[in-house]
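Subject: Structure for you to look at

Hello,

Here is the structure I said I would pass on. Please open it next to this message, as my notes refer to it throughout.

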Amino acid sequence: MVMAAWKRAGVCLTAAAVVVGLAGCQDGDDGGGKKAGASAEGQTREEAAEVLQAAFKKTSEAKSSKIRMTIQTSGTAAESGTMEMSGVQGWDPAVMDVTMKGSGFAAAGPGTPEQMRMIMLDGVMYVDMGAEQAAEMDGKRWMKMDFKALADASGDPEVQKQMTGGLENMNQDPAQQLALLLESSSLKHVGPEKVDGVEAQHYKGTLSFEEMVDANTSFDLLSKEERDELVATAEKSGMKGYDTEIWVNEDDLPVKMVVGMTMAQGTMKMTSHFSDYGAKAEVEAPPAGETLDFMQMLKDLESLGAGSAA
């Protein structure tokens with residue numbers, strides 16, 4: 001039972017790390033502007049910014065969409081591979097019901113499901129661990145992770161900042177990436193292209209890591225010294241910045257986004273496709289009888305002396 005619980009925790013944290021890690025790349029400031037219209041070709045930077053500002057406003061008002069995302073990593077990092085995620089997300093309030101699959105779960109060991117469903121609701125994430133592990137855990141197939149409670153329990157102000165900041169960013173709407181791209185001095189209009197059979201206008205730009213930190217409101221939690229240390233660490237790691245591309249359709253809504261990051265140890269590329277904006281995101285928490293609280297499980301393991309196990 002103890003080993004099953006530790007394996008279950010490992011898989012759950014793998015999934016949570018992916019979502020929380022990606023969330024940090026999707027935050028920004030507000031914006032507002034004119035509608036894109038049909039005269040999108042040959043735009044100046046100012047005209048491109050106005051289009052993206054209009055898209056920001058329209059996307060923020062939509063409050064939900066379907067999402068299909070692919071995350072590709074390469075290089076020397078152990079997590080190199082491909083992860084895929086699809087489902088529905090909502091913002092204001094932030095909710096999510098997605099299924100993930102890919103090579104990133106392999107590190108959690110045998111018994112890991114080939115795909116994993118995750119639900120986020122009321123600031124809590126639920127991870128479906130699959131039928132095999134449910135059989136080992138008295139039928140409880142859902143792991144409940146309350147990040148605010150975990151942060152408070154840590155007693156470490158730095159951990160609290162990181163976890164609550166990640167929770168605030170988790171499942172951000174695509175409008176936030178639009179706002180972030182608006183901060184790029186290299187923002188440019190590439191031209192018209194078809195995406196998933198839909199006519200769209202293609203925009204791109206690059207932000208340095210320091211520019212991203214300045215634009216990302218979650219980093220407001222850090223002191224100036226902490227921000228400077230974060231930037232220095234990123235630069236030391238070889239991170240060049242964020243290359244961002246966005247395709248906006250005739251309704252002023254983003255239909256595709258690509259975010260690329262290059263570091264000394266490898267690269268990461270996230271490609272997202274959005275559709276069905278404005279449809280109500282029906283997200284419900286799993287039945288309580290099928291749910292195991294992550295914090296309670298850790299307390300139980302500690303009481304059994306499992307916390308010191310290798």
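Below is what was found, from the whole chain down to single residues.

Please keep in mind that this is a predicted model.

Overall picture. The protein chain has nine helices and 12 strands. Of its 310 residues, 46% count as buried. The chain exposes about 14900 Å², and 51% of that area is supplied by carbon and sulfur atoms. Among contacts with a separation of 6 or more, 61% are between residues 24 or more positions apart.

The sheet. An open sheet is formed by 12 strands with mixed pairing, in the order β7-β8-β9-β10-β11-β1-β2-β3-β4-β5-β6-β12. Its edges are β7 (188-195) and β12 (291-293); each has a single partner strand, so one side of each is left without a neighbour in the sheet. From one strand to the next, the twist averages 20 degrees. Helix α2 packs on the sheet and touches β1, β7, β8 (198-207), β9 and β10. The direction of α2 makes about 110 degrees with that of β8.

Within this sheet, β2 (residues 81-90) pairs with β3 (residues 95-102) in the antiparallel sense, over eight bridges.

A residue in β11. S272 lies in strand β11 (residues 266-275). Its relative accessible area is 5%, so S272 is buried. Leaving aside residues up to four places away in sequence, S272 touches R68, M69, V255, K256 and M257.

Two backbone points. Most residues other than glycine have a negative phi. K63 is not a glycine, yet has a positive phi of about 70 degrees. D252 is not a glycine either, and its phi is positive at about 65 degrees.

Where does each of them lie? K63 is in the loop between α2 (45-62) and β1 (64-75). D252 is in the loop between β9 (242-249) and β10 (254-263).

Are they buried or exposed? The cut-off for buried is under 20% relative accessible area, and for exposed over 50%. D252 has a relative accessibility of 4% and therefore counts as buried. K63 has 38% and therefore counts as partly exposed.

Regards

How values were computed
Residues are numbered from 1 along each chain as its sequence is written. This is a predicted model: local features need pLDDT of at least 70, side-chain atom pairs count only at pLDDT 80 or more; totals for chains, interfaces and linings use all residues. Side-chain values use heavy atoms; hydrogens and water are left out. Helices (H or I, at least four residues) and strands (E, at least two) are DSSP runs, numbered from the N terminus. Buried means under 20% relative accessible area, exposed over 50%, partly exposed in between (1.4 Å probe, protein chains only). Two strands pair if DSSP finds at least two bridges between them. Axes are lines fitted to C-alpha atoms, for helices over the stretch in contact, and angles run from 0 to 180 degrees between N-to-C directions. Contact means heavy atoms within 4.5 Å. Accessible areas come from the Shrake-Rupley method with a 1.4 Å probe; for residues, only the protein chains shown count as cover.
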